[in-house]
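Biologist: Could you walk me through this structure, step by step? I am new to reading them.

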Protein chains: 2
Amino acid sequence: MKGFFRVQTPAQLLQKLNRFKPLSYEEVPFEESLHRVLAEDIISPANLPEFPRSTVDGFALKAKDTYGVSEKNPALFQVIGEIPMGKISEITLMDGEAAKVATGGMVPNGADAVQMVEYTEWVDSHTIHAFKTLSPLENVIQAGEDIKAGEVVLRKGRLIRPQEIGLLAGIGRTPVRVSLRPRVGIISSGDEIVPVEQKPLSGEVRDINRHTIVSMVKETGTIPVFLGIAKDRFNDLKEKIDLGLRELDMVVITGGSSVGTLDLVGEVLQSFPGTEILGHGLSIRPGKPTLLADIDGKPFLGLPGHPVSAMVIFHLFGKPLLKILSGLSDEMEPQIKWKVKAGRNIPSVAGREDYVRVTLEEKDGILWAYPVFGKSGAISHLVNADGLIRIGIDDEGLEEGEEAEVILL
Amino acid sequence: MKGFFRVQTPAQLLQKLNRFKPLSYEEVPFEESLHRVLAEDIISPANLPEFPRSTVDGFALKAKDTYGVSEKNPALFQVIGEIPMGKISEITLMDGEAAKVATGGMVPNGADAVQMVEYTEWVDSHTIHAFKTLSPLENVIQAGEDIKAGEVVLRKGRLIRPQEIGLLAGIGRTPVRVSLRPRVGIISSGDEIVPVEQKPLSGEVRDINRHTIVSMVKETGTIPVFLGIAKDRFNDLKEKIDLGLRELDMVVITGGSSVGTLDLVGEVLQSFPGTEILGHGLSIRPGKPTLLADIDGKPFLGLPGHPVSAMVIFHLFGKPLLKILSGLSDEMEPQIKWKVKAGRNIPSVAGREDYVRVTLEEKDGILWAYPVFGKSGAISHLVNADGLIRIGIDDEGLEEGEEAEVILL
């Protein structure tokens, strides 16, 4: 029988994603690398800061000249100059001397600490009193204290966020080597599916999945390529899948609304040499018919046709696949599992993982999750949900007040 | 004295953001509206689904014909046809008749329920036994059950995510009216700041803030425009700020590393007619010198020069300003405050809000936050942090195990 699934757990299928390998790399100017993944270790060519800098507005001096001073017993300093911002300081301080310095300014030779302006008082135009004892290096950031020349500052596999851009700017590193952005072929299937711009006749429905999956791919920073709507026929499916596998890095198909579509897709995949079906049928709701294959090293993901199911499964399997192809290191991204509490009893069936659409509400500092009711095909329920909560495969639902993991939508 | 601040709390300053108004709007094809903000209510022109659909694979029939049936006492049905996917069903069912239908297929006239294939058995090629009692509408999603024609399905002010794109696709709504994307002028200032591509001489530092703030603006989906590095001089600052205010929707300056720079910026702002300084000086760390002004209705934000401080303040004030200019409704976005526990004692000073850089670690299902130590100017600490935790203005730090809000970086 075609509809026969060897059902796996979501965790079993997730483990099989490791077989896929990151794509190659390219070099881009550092300022264009936001949300890309580093494909090399970045080594700092220089110390940061490159010179000792004051962290306060005040007077650079020798710490030892302040030992034992206090409000009632200040030390006297000769002010021999002011450090100009952005310039080399020519000053060398001797005992009992000080130089005015602003935050970020260079701490001159001979000085090893900075007295904050709040703890000083002008005695005359060349002399100050300092009221506070300093230890050496107080209010000074030393050359190389932030980053040392030769140090690995960012590792291969790291996602580049604004702060990594800042670090690359700080050390003047450009271009940088980043992984290629995966190009994802997206196919809609189903005899009832028509393009959005076409008014559906009775029995037909607009192609929602094309647009939700394209949007989700865009959000990962990878490149969606829509390959068209395939009819539920072997040759039409084969032609579009073949094009995607030849030209792109991954292919995703949404399987029409019929349970049988992904079986037909499975038969099409078997006709390609080098196909290994990694999973077809998951103990999950929604998303039972999910299909995953490895075709000569390229991932192929078959999603259920229901828009809600397709989005949930793309979130759980499509996004991790794209992370792997992008070269994103697991270690670099802490897998943070946010917890909320069930706002009411939520039934489930043991033996499958349930993803329940919920709205979130904060009350007394706790986030409560309330299920969104309604039949599973409804797109309106998805736009009204804030997230999904996961009910584990061994659980028979959640009781009011019980904790559960949440995925934000 | 120039450095005099009338220090406000962050909450006091946040309240003043309400005075700013959303920009105008434009129309875009729905598939280009991802991450934009709706500037109109969307009303569905049609029912969704447009026809009654089966939610299972099985046989459409009259529910009343199954009343009282069971495994041992099945009902007999004449199968008079199969509903083709994507086509109008010409069939009208009479009592005792059934029609084969796939998930998503049209439920024909005369039928009001669908018996799942699992609860049927072929008797001969035209007749089935059905083993389960159905109630009317069981396994059927009625026309308009998801969305009714004339219903407001998305409200003005809503952020368009993949699921909203899906809804717009489902009802065939294009183009859509969205708020204009704010254009944000960004100025770096400080005599010591040089462009990244230039090798800094001693005393000079590369312009980190340009690139971190540009990247953060990109992440909000708004448009960064870099206006250059201004020297700490009235005329240079005035020229660049004037250009930004004339041509763009908001101006952000990073204030060099000296505490005094934002005072000079404040003087420059006073020279524009229509300037109202809303705040200069905040009880927050990092970020005390923060400056916010309203210049003829356009927001101007002065950030501290330390890269870390600039990022924290842009997160806390720049992003909310951009949401307001983008027309994003507060109601539409639940303000979710994620909580973690302090992994060790974290001291703070009452009377100011502290934002402490932390790494996060999951242990026994709890997320623990560990402070990243080091001097505040260090960019390396920011790339090593997973987030910031907030220590409230009345708190004197956190004890190990105490809960705190976290902002992910």
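Predicted model: local features only at pLDDT ≥ 70, side-chain atom pairs only at ≥ 80, totals over all residues.

Biologist: Which strands stand at the edges of the open sheet of 6 strands in chain B?

Modeller: Start with the strand order in chain B, 16-13-17-21-20-18, where the pairing is mixed.

Biologist: Over how many bridges do strand 13 and strand 16 of chain B pair?

Modeller: In general, strands of a sheet pair through backbone hydrogen bonds, either parallel or antiparallel. Strand 13 of chain B covers residues 183-189, and its pairing with strand 16 of chain B is in the parallel sense. As one example, B:Ser188 stands opposite B:Ile229 in strand 16 of chain B. The number of bridges between strand 13 and strand 16 of chain B is 7.

Biologist: Which strands of the sheet does helix 6 of chain B touch?

Modeller: Helix 6 of chain B (residues 307-325) packs on the sheet. Its direction makes about 175° with that of strand 21 of chain B. The strands touched by helix 6 of chain B are strand 17, strand 20 and strand 21.

Biologist: Now to chain A: are helix 3 and helix 6 of chain A roughly parallel or roughly antiparallel to each other?

Modeller: The axes of helix 3 (residues 208-219) and helix 6 (residues 307-325) of chain A come within 10 Å and cross at roughly 20°. Angles under 35 degrees count as roughly parallel. Helix 3 and helix 6 of chain A are therefore roughly parallel.

Biologist: How many nonpolar residues does the contact of helix 3 with helix 6 of chain A have?

Modeller: From helix 3 of chain A, the residues taking part include A:Ile208, A:Thr212 and A:Met216. They are among those that meet helix 6 of chain A, where A:Pro307 and A:Phe314 are included. By class, this contact has no charged residues and 2 polar ones, and its nonpolar residues number 7.

Biologist: What kind of axis relates chain A to chain B?

Modeller: Chain A can be laid on chain B by a turn of 180° with a shift of 0.0 Å along the axis, giving an RMSD of 0.1 Å. Of the residues of chain A, A:Trp338 comes closest to the rotation axis, at 3.8 Å (C-alpha).

Note on methods: Residues numbered from 1 in each chain as written. Chains lettered and ligands numbered in written order. Pairing = 2+ DSSP bridges. Helix = DSSP H or I, 4+ residues; strand = E, 2+ residues; numbered from the N terminus. Contact = placed C-beta atoms within 7 Å. Axes fitted to C-alpha atoms, helices over the stretch in contact; angles between N-to-C directions. Least-squares fit on C-alpha atoms with pLDDT ≥ 70 in both. Parallel < 35°, antiparallel > 145°, perpendicular 65-115°, else oblique. Nonpolar A, V, L, I, M, F, W, Y, C, P; charged D, E, K, R; others polar.
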